[in-house]
Amino acid sequence: MLREFLNNTSSRNELKKSVYRFIHQRGHVSKVELLENYQIPQTTMTRMIDDLEENGLIRKFGFGESAGGRPPVLYEITPDAGYLLGVEISRTHVKVILTDLQFQLIDQQGFIITQEHTPDVTVSDILSIIRAFQKKHEKADDALIGIGVGAVGPLNREKGVILNPELFPAEGWENVPVVSMLEEAFAVPVILNNGANTAGLAEYHFRAVFDESILYCISGYGIRCGFINNGVFLNNKEGDVSSYGHIIIDVDGRACTCGKKGCLAAYTSINALFAMINETAQTEAAGSGSDLETAEELLRRLDRGDAVVRDIVLTSAYHFGIGVANMVNILHPEAVILHGLLIYHYEAYFDEIVRVIKEHAAIANQRHIEIKKGSLGEEAAAVGAAIEVFYNFFE
Ligand SMILES: [Zn+2]
């Protein structure tokens with residue numbers, strides 16, 4: 001039922017969809033509030049509400065505050081009138097989530113990307129997880145509303161293709177038509193976007209401040225950022241959000257994987273940290289032992305209080321702060337949301353980035369910029385992909 005309603009683009013249905021979207025965005029809404037927002041006769045609004053309710057798309061939630069007389073009935077969308085799927089494909093892992101229509105997580109499962117994870121193997125594993133979700137939660141194919149994919153770029157978003165991600169651990173990741181591969185299995189819209197964008201959208205949605213702009217920054221194996229203004233992505237044509245990592249913070253500085261020098265990523269990516277730590281260990285007489293190769297070991301050495309590792313990580317936080325301050329100066333976000341292993345694991349790393357952004361972003365002198373850690377953690381990109389595919393029905 002919901003699927004037909006969302007896919008119906010007739011002008012008669014447009015207003016009803018708009019009312020449904022309004023209720024969805026506000027959470028709980030009374031008829032009076034709807035009438036204030038839509039200049040239509042009360043009888044028309046009543047008929048529309050009754051119709052949405054009879055079809056199970058909205059339901060009575062309870063009563064609002066009384067303005068003297070009877071307290072008004074509040075309506076909400078029926079969260080289980082359908083369901084959404086979100087998929088995150090990063091260089092290191094895949095995450096699949098199942099949400100209701102209010103984007104509340106019902107289930108999630110993921111796997112690590114290994115050398116065996118060619119596109120075919122990966123998509124087949126994703127489909128197995130989806131089928132297992134459907135069985136476990138008794139969700140039929142026809143109640144599925146859409147699948148959102150937040151992936152590592154560069155992408156061709158329009159064609160739904162992952163182009164040629166840098167440093168991908170498995171073979172075959174060139175021109176992967178991930179959207180059509182999923183559409184073959186399910187007759188629903190599938191939307192591909194950058195994981196940094198979808199993660200930013202998820203944070204934006206749950207902040208519920210609908211006229212702000214946010215900059216979402218991921219520091220991991222690559223540096224990826226997403227910018228959302230009033231719910232709209234700032235997209236570049238190549239779908240490559242890694243380019244944020246190649247802004248130059250030191251002319252003639254360290255060599256970067258892109259072949260140029262002094263890029264932000266050359267000082268802040270996890271691989272750059274490994275390289276800088278291993279270089280230092282080699283030059284010091286009493287080095288820290290064997291080469292550092294895994295993020296787990298990096299965190300262990302930090303927790304152990306390894307001074308060499310700590311100094312390099314904090315210097316990297318300084319550089320990251322400089323890079324983000326540059327982005328803030330150009331984009332003027334109201335909020336900066338930081339995400340990444342070290343952000344959540346090492347408080348001093350996060351604190352140093354905040355300090356440097358505040359010190360070096362010119363606009364921070366003029367107004368307050370909120371700088372915080374992601375509130376949705378590892379689920380952000382997949383949840384945001386599900387949100388995007390839902391929002392897309394209303395555009
Ligand atoms: Zn570079």
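Two strands pair if DSSP finds at least two bridges between them. Keep that in mind, along with how the elements are named: helices (H or I, at least four residues) and strands (E, at least two) are DSSP runs, numbered from the N terminus.

What you have open is a predicted model, where local features need pLDDT of at least 70 and side-chain atom pairs count only at pLDDT 80 or more, while totals for chains, interfaces and linings use all residues. Residues are numbered from 1 along each chain as its sequence is written, and side-chain values use heavy atoms, with hydrogens and water left out.

**Stop 1: a pair of strands**

Select β14 (residues 335-339) and β15. They run parallel and share four bridges. Now pick V336: across from it, in β15, you'll find I371.

Zoom out to the whole sheet. As a reminder, strands of a sheet pair through backbone hydrogen bonds, either parallel or antiparallel.

Next, click on I223, which sits in strand β12 (residues 223-229). Is I223 buried or exposed? Its relative accessibility is 2%, so I223 counts as buried (buried means under 20% relative accessible area, exposed over 50%, partly exposed in between, with a 1.4 Å probe and protein chains only).

**Stop 2: another pair**

Select β7 (residues 144-151) and β10. This pair is parallel too, with five bridges, and I147 has V190 as its bridge partner in β10. Why is β10 (residues 190-194) largely enclosed by the rest of the structure? Five of its five residues are buried, so the strand is largely enclosed.

**Stop 3: the domains**

Colour the chain by domain: domain 1 (2-77), domain 2 (83-202 + 380-394) and domain 3 (211-375). These bounds come from an automatic or database domain assignment. The centres of domain 1 and domain 2, taken over C-alpha atoms, are 31 Å apart. Between these two, 10 residues of domain 1 are in contact with 13 residues of domain 2 (contact means heavy atoms within 4.5 Å).

**Stop 4: the largest pocket**

Select S90, T92, H93, G220 and Y221. Of the 31 residues lining the largest pocket, these are the closest to its centre. The pocket's volume is about 790 Å³. A pocket here is an open set of points on a 1 Å grid over the protein atoms alone, where a 1.4 Å probe fits, with protein on both sides within 12 Å along at least five of seven lines; lining residues have an atom within 4 Å of a point. Grid points are joined across faces, edges and corners, and a volume is the space filled by probe spheres set on the points.

Which element gives the most to this lining? That's β11, with three residues. Domain 2 and domain 3 each supply at least three residues.

**Stop 5: helix α10**

Finish at α10 (295-303), another contributor of two or more residues to the largest pocket's lining. Its buried residues are A295, E297, L298, L299, R301 and L302. Show α9, α11 (307-331) and α12 (341-345) as well: they are among what covers those buried residues. Just past the helix, G305 has a positive phi of about 85°.
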